[in-house]
Amino acid sequence: MDTYKRGGKVSRTKVNSSRFEEHETLEDVLQYKMIALPDRGLTEADAKEYEIRTAVCTKDGKTPKKSYFPYRNKQGEITGYKTRDWSLPKEQEGHFGTVGAVKVSCQMFGQHLLERGGKKLFIVEGEEEVPALKRAILESVRGTKWEGKINPSIVSISCGTGNAAESGAHNLDFVQSFSEVVLAFDSDSATPKELAKGIMKGKEAKEDVAGLLLTDNIYTFTHPNGCKDSRECLLKGFGVELGKICAFGLEKYSPEKIVSGDDVDIDSIIKPLREGHYISRYPKLMEKLHGIRTGNELITYTAFSGVGKSTLNREIAWELVAAGYKTGFIFLEEPLQKTQQSLICLELGIRLPDFRINPLAVATREAIQEAKDKVLSNGRTFFLDHFGSLKVDKLMQQIKYLHFICGCEHIFIDHISMVVAGLESNNERKDIDMLYEELAAFMTNNEVTIHAVCHLKRVEDNAPKLKDGEEPKAYWRTVKKEMLRGSSGIEQMSSCIIALENEVLPDETRGRVRTKILKDREWGILGVCDTMLQLEDGRLHVVPDHDGWRYIPKSQQGMSNF
């Protein structure tokens, strides 16, 4: 039976195959002292500065048994402690634990001691590395003109490498307030087997956080003499060397790397192209695209005004939500309520305009509630409550929040012209290209698919010329990549470009529309796909594609002719 000394009383903990502990509270932890942990490189001054408390064995009154690292909410209040039980090996269950609430949304460890807006912020992997790196930097300037004049800003991610990006996302304003961000994670990486299990280590965490920040002020370094982390450097006597590296040896972070052909395994060579989720309403489009894939794709949708880009986007998003994908909506050209109503109408199979005029005239309250539960109140749909233009940096913040905090796998933006409309620049082509660079960089570094609606340039209609006395005929308005807004940035950076082409009828009534793939980086299959017509239910339905076919409403024929 091990015992922990807790102030004036003793907590008993049974240690065996069915290990258990009595429930500890935050008040209990406050009775432990803040002491040095020599084996861990932690001084008493470190412990007091960061309020790290340790329970000791009652047999000798000094052997550390368990340490407690405080975590705070956004208001700076301690809500919980991460614990490490030194009586158990690191790999054994129970070595790591918590008391109270330690969430990924907490402040990062050590953040409460720092002011925003400093020059350089170091982000490390574990709590013990925060005081270790600080001491290393301070030791490296001892005896120089900088002694006593610097106070390094160092924090640790809150809930392990697997949640590194999310920890940064919850504190993004704080992190981005610094001029430079140094990712000082451990110098280790996951093996292929570990990666297959979703295990991340220092290298992968660094890439995730860099993918979140997507700025040019990110730096990194390699720990000296083969050490894995800052604490190991300090314990092995390389603290001064580490401090000098932090001052003079930082390297600009770059995700690019040179890979030897010797490192390529056969499994990666024979891995087939990914199949995506097949949207049921567009069979020919899905056949050519092989579905809508999740992760590392930027899909652009385009068409002439009023053809149905938003309708197509909603249809695809609705099916993705129904299939279980977390989906984010950034619809800048319509109010939030309309976006949400459109999903309910898709579920109910009724026209959005009819629903908006008088919802209870086209559906019962019970049916609307059931549809709401399916498409909105399911924990899988997230909406940006914003109407009108939005600056690029604000848009990227919202996208990062939707992905890292809400867990969105697909994010729909309708439409990008509203983003650049909010910029003060007079060069729309350059603004759109810069926006697409940001979007492409983000989706490349993160497992998210971005669906972006883009308008076409103002181009002349391609109506066929008529001979004298010839009656007008129906024709298709064709869309080409060259018609996209901006310069060539959208075409170059999109993974896939899907166009909608509309049929112009002689009487100017609404004709058919068809999907057309203008670019498909993954499979390379282009051309016209499904031909559709928007019917009485407001949905796009696949119809025959031969010329001369016309739809006769049920009210006139008694039944449709397809």
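Buried, in these notes, means under 20% relative accessible area. I am working from a predicted model.

**Entry 1: a phenylalanine pair**

I looked up Phe 331 first. Its relative accessibility is 4%, so Phe 331 counts as buried. Phe 329 comes out at 1%, so that residue is buried too. Next I checked the aromatic pairs, taking ring centres within 6.5 Å as the limit. The count is 10 aromatic pairs. In one of them, the rings of Phe 329 and Phe 331 have centres 5.9 Å apart and planes at 50°, so I logged the pair as tilted. Stacked would need planes under 30 degrees apart, and edge-to-face over 60.

**Entry 2: charges over rings**

I then searched for charged groups over aromatic faces. Arg 477 lies over the face of Phe 304, at 3.9 Å from the ring centre. I also noted Arg 514, whose charged end sits over the ring of Trp 476, 4.2 Å from the centre.

**Entry 3: an aromatic cluster and a cavity**

I found one aromatic cluster formed by Tyr 50, Phe 69, Tyr 71 and Phe 109. The whole structure has 3 cavities of 30 Å³ or more. The largest cavity holds about 60 Å³ of space.

**Entry 4: the largest pocket**

I turned to open spaces. The largest pocket has a volume of about 1300 Å³. Helices 6 (192-196), 7 (202-213), 17 (392-405) and 19 (428-445) are the elements that each give two or more residues to its lining. Helix 7 gives the most, with 4 residues. The lining has 30 residues, and nearest the pocket centre lie Leu 195, Lys 203, Glu 207, Asn 296 and Glu 447. I sorted the lining by class: 10 nonpolar, 9 polar and 11 charged.

**Entry 5: helix 16**

Last, I checked helix 16, residues 365-375. Its buried residues are Ile 368, Ala 371 and Val 375. They span an arc of only 65° around the axis, so they sit on the same side of helix 16. What does the face turned away from the buried side of helix 16 carry? I found the exposed residues Arg 365 and Glu 366 there.

Notes
Residues numbered from 1 in each chain as written. Predicted model: local features only at pLDDT ≥ 70, side-chain atom pairs only at ≥ 80, totals over all residues. Heavy atoms only, no water. 1 Å grid on protein atoms, 1.4 Å probe; cavity = no way out; pocket = protein on both sides within 12 Å on 5 of 7 lines; lining within 4 Å. Points joined across faces, edges and corners; volume = space filled by probe spheres on them. Nonpolar A, V, L, I, M, F, W, Y, C, P; charged D, E, K, R; others polar. Phe/Tyr/Trp six-rings, centres within 6.5 Å; stacked < 30°, edge-to-face > 60°. Buried < 20%, exposed > 50% of the residue type's maximum accessible area, 1.4 Å probe, protein only. Lys NZ or Arg CZ within 6 Å of the ring centre and 35° of its normal. Arc of directions from axis to C-beta.
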